[in-house]
Amino acid sequence: MQSSEAFHAVCERISSKYTSNGWKYAKSRHWLIKKDKNLTYKIYFYTNWNNVSDRNVGFYGESAIILNKSKNKIFHINTHECNIPEGKLYWNVADQESWSRAIAEFTAWLDEVFMPIVHECTNNLENFIRQVVAEGFYPLGGYKIDIHFILLYGSRELAEEATKRLYESLEEPIKHEFKKNYESMIQGNDPVSAYGRNMMRNYSNFRTIIENKIIVNL
């Protein structure tokens with residue numbers, strides 16, 4: 001079996017488990033997608049560039065939540081970060097006999113890590129935002145937060161709390177860079193190091209905090 005055929009087959013078998021719950025599979029793009037009025041949820045399926053048919057066909061994935069208004073990802077997590085499959089970077093799905101294990105482990109990962117977040121976002125967004133501020137999107141992976149998301153669908157007060165928690169979650173060297181740039185730039189001054197300049201070039205929590213003048217004591 002060609003590597004592309006094996007990859008497609010696994011993607012389609014996983015997708016079939018979710019399409020009855022409002023998910024749509026985009027075969028040409030290898031992703032599952034679901035939308036509500038505020039957010040887009042995606043599950044991406046990936047393979048390796050150096051696959052060898054009948055010998056080694058990589059399969060792994062990523063889940064993400066995207067703001068409909070800005071198209072920015074507010075949360076994403078991949079199987080590598082969760083050590084799924086255990087001790088490896090991907091499943092080898094070259095052999096059809098390996099598919100059932102890959103499908104079972106991948107869907108178990110989705111059902112444990114991502115689907116509960118999707119459920120809360122679609123059914124109880126207000127309470128979920130408070131939970132995210134307190135713990136992050138995925139507490140086992142550290143304090144994963146998106147300040148713009150909190151401002152948009154929560155409140156400024158919650159964004160201030162999230163900013164403090166974000167700062168406290170940083171490692172000491174990064175915390176130092178964050179603080180000195182924040183204290184300069186929140187007053188309308190220039191960045192004081194490369195950290196501040198870099199954070200303002202792309203979508204980031206730091207940029208959101210500065211542009212929205214979120215005032216907190218660090």
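In which loop is the place of H30? H30 sits in the loop between β1 (24-26) and β2 (31-35), where strands (E, at least two residues) and helices (H or I, at least four) are DSSP runs numbered from the N terminus.

The model is predicted, so that local features need pLDDT of at least 70 and side-chain atom pairs count only at pLDDT 80 or more, while totals for chains, interfaces and linings use all residues. Residues are numbered from 1 along each chain as its sequence is written, and side-chain values use heavy atoms, with hydrogens and water left out.

**Backbone in the loops**

Most residues other than glycine have a negative phi, and most peptide bonds are trans. In the table, buried means under 20% relative accessible area, exposed over 50%, and partly exposed in between, with a 1.4 Å probe and protein chains only.

The peptide bond from I84 to P85 is cis, with omega near -5°, and P85 lies in the loop between β5 (73-78) and β6 (91-92).

**Helix α3 and its surroundings**

Helix α3 (residues 125-135) packs against helix α5 (residues 156-169) at an angle of about 25°, with their axes 8 Å apart; axes are lines fitted to C-alpha atoms, for helices over the stretch in contact, and angles run from 0 to 180 degrees between N-to-C directions. The two helices are therefore roughly parallel to each other, a term for angles under 35 degrees. In α3, I129, R130, V133 and A134 meet L158, E161, A162 and R165 of α5, contact being heavy atoms within 4.5 Å.

The buried residues of α3 are L125, F128, I129, V132 and V133. Seen down the axis of α3, these buried residues fall within an arc of 145°, so they line one face of the helix; the arc is that of the directions from the helix axis to the C-beta atoms. Their cover includes α2 (99-123), α4 (147-153) and α5. Just after α3, G136 takes a positive phi of about 90°.

**Cysteines**

The structure holds 0 disulfides, a disulfide being a pair of cysteine sulfur atoms within 2.5 Å. For C11, the nearest cysteine sulfur is that of C82, 19 Å away, and C11 is buried at 0% relative accessibility.

Methods: Parallel < 35°, antiparallel > 145°, perpendicular 65-115°, else oblique.
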